[in-house]
Amino acid sequence: MIRLIDVSKYYSTRFGSTKVFDHVNLRVAPGERVGILGRNGAGKSTMIRLISGAERPTSGRIERTMSVSWPLAFGGAFQGTLTGLDNLRFICRIYGVDPEDKIGFVQEFSELGLYLREPVRSYSSGMRARLAFAISMVIEFDCFLIDEIVAVGDARFHEKCNYELFEKRGDRAMIIVSHDASYIREHCSRAAVLSAGELHEKESLDEAFDFYHRETALAA
């Protein structure tokens, strides 16, 4: 189970404290796929980072009784001076996974070729994302956190990602944040809308989409 209980997040700026969202509550059970819709800048990626533990809430608390991934395709935690291969070994050891039998999968899936043995600081953002996604697939989690940046690479690579995540791991819980309602409809059974610092959870997907489209139209 993952529970967000009265979670608020504020960032300090030179103009004062800026609210991202306030008193957000959310509950995700094992095996559930929950989508969070929101326009660009609504705070979706911030929420994913909080759930992953990469950031802490300003107030409230987050309870996790199942293992949670980092945001898929997020390569911000890589050590730039290490090679992709050394980053794989380092991350596997943190999670208690033997890295040696994972190298072949990561090399083939990421399509990095010889660059897997080059420092990550020389990678493009797309190469970092492919490496991060590949490493995410060799460490098993109860819940996967998916930002819309998961759609990295070309259509063929995107199909590989969808197969590994949504088919091979179809029994896992997932929290997907996106501004694309069709992507949420395809992969989720529940949806909520993050708007004006509040999370609005609806009874059905259709209600959530209608609310999201109204909010988007008003903002435009």
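Select helix α1, residues 44-52. Helix α1 lies across β1, β2 and β4 and runs at about 120 degrees to β1. Contact here means heavy atoms within 4.5 Å. Angles run from 0 to 180 degrees between N-to-C directions, with axes fitted to C-alpha atoms, for helices over the stretch in contact. Helices (H or I, at least four residues) and strands (E, at least two) are DSSP runs, numbered from the N terminus.

This is a predicted model: local features need pLDDT of at least 70, side-chain atom pairs count only at pLDDT 80 or more, and totals for chains, interfaces and linings use all residues. Residues are numbered from 1 along each chain as its sequence is written, and side-chain values use heavy atoms, with hydrogens and water left out.

**Stop 1: the three-stranded sheet**

Now show β1, β2 and β4. They make an open sheet of 3 strands in the order β2-β1-β4, with antiparallel pairing. The edges are β2 (16-28) and β4 (59-64); each has a single partner strand, so one side of each lacks a neighbour in the sheet. Neighbouring strands are turned by 25 degrees against each other on average, direction ignored. Strands count as paired if DSSP finds at least two bridges between them.

Zoom in on β1, residues 2-13. β1 pairs with β2 in the antiparallel sense over 9 bridges. Pick T13: its bridge partner in β2 is G16.

Next, show the side chains of R3 and E63. They meet in a salt bridge, 3.4 Å from N to O. E63 lies in β4 and R3 in β1, so the pair ties together parts 60 residues apart in sequence. A salt bridge is a side-chain nitrogen of Lys or Arg within 4 Å of a carboxyl oxygen of Asp or Glu. E63 is partly exposed, at 27% relative accessible area. R3 is partly exposed too, at 36%. The cut-offs: buried is under 20% relative accessible area, exposed is over 50%, and partly exposed is in between (1.4 Å probe, protein chains only).

**Stop 2: the six-stranded sheet**

Move on to the sheet with the order β5-β6-β7-β3-β8-β9. It is an open sheet of 6 strands with mixed pairing. β5 and β9 (198-201) stand at its edges with a single partner strand each, so one side of each is left without a neighbour. Its neighbouring strands are turned by 20 degrees against each other on average, direction ignored.

Select β3 and β7 (residues 173-178): they run parallel, joined by 5 bridges. L37 has S178 as its bridge partner in β7.

Now pick E32 and R190. They form a salt bridge with the closest N and O atoms 2.9 Å apart. E32 sits in the loop between β2 and β3 (33-37), R190 in β8 (residues 190-195), and the two are 158 residues apart. E32 is partly exposed, with a relative accessible area of 23%.

**Stop 3: helix α2**

Select residues 84-94, helix α2. Which of its residues are buried? They are G84, L85, N87, L88, I91 and C92. They cover an arc of only 160 degrees around the axis, which puts them on the same side of α2. The arc is that of the directions from the helix axis to the C-beta atoms. These buried residues pack against β5 (68-71), α3 (103-110) and α4 (125-136). Turn to the face away from the buried side: there are the exposed residues R93 and I94. G96 follows α2, with a positive phi near 70 degrees.

**Stop 4: the aromatic cluster**

Select W70, Y95, F141 and F144, which form one aromatic cluster. Rings of Phe, Tyr and Trp (its six-membered ring) pair if their centres lie within 6.5 Å; planes under 30 degrees apart are stacked, over 60 edge-to-face, and the rest tilted. The whole structure has 8 aromatic pairs. W70 and F141 have ring centres 5.4 Å apart and planes at 80 degrees, so the pair is edge-to-face. W70 lies in β5 and F141 in the loop between α4 and β6 (143-146), so the pair ties together parts 71 residues apart in sequence. Both W70 and F141 are buried.

Y95 and F141 also pair edge-to-face, at 5.6 Å centre to centre and 90 degrees between the planes. Y95 is partly exposed at 41% relative accessibility, whereas F141 is buried at 3%.

**Stop 5: a charged network**

Finish with E164 and R169. Their side chains meet in a salt bridge, 3.0 Å from N to O. Buried or exposed, E164 and R169? Both are buried. Salt bridges with shared partners join E140, E164, K168, R169, D171 and R172 into one network. The whole structure has 16 salt bridges.
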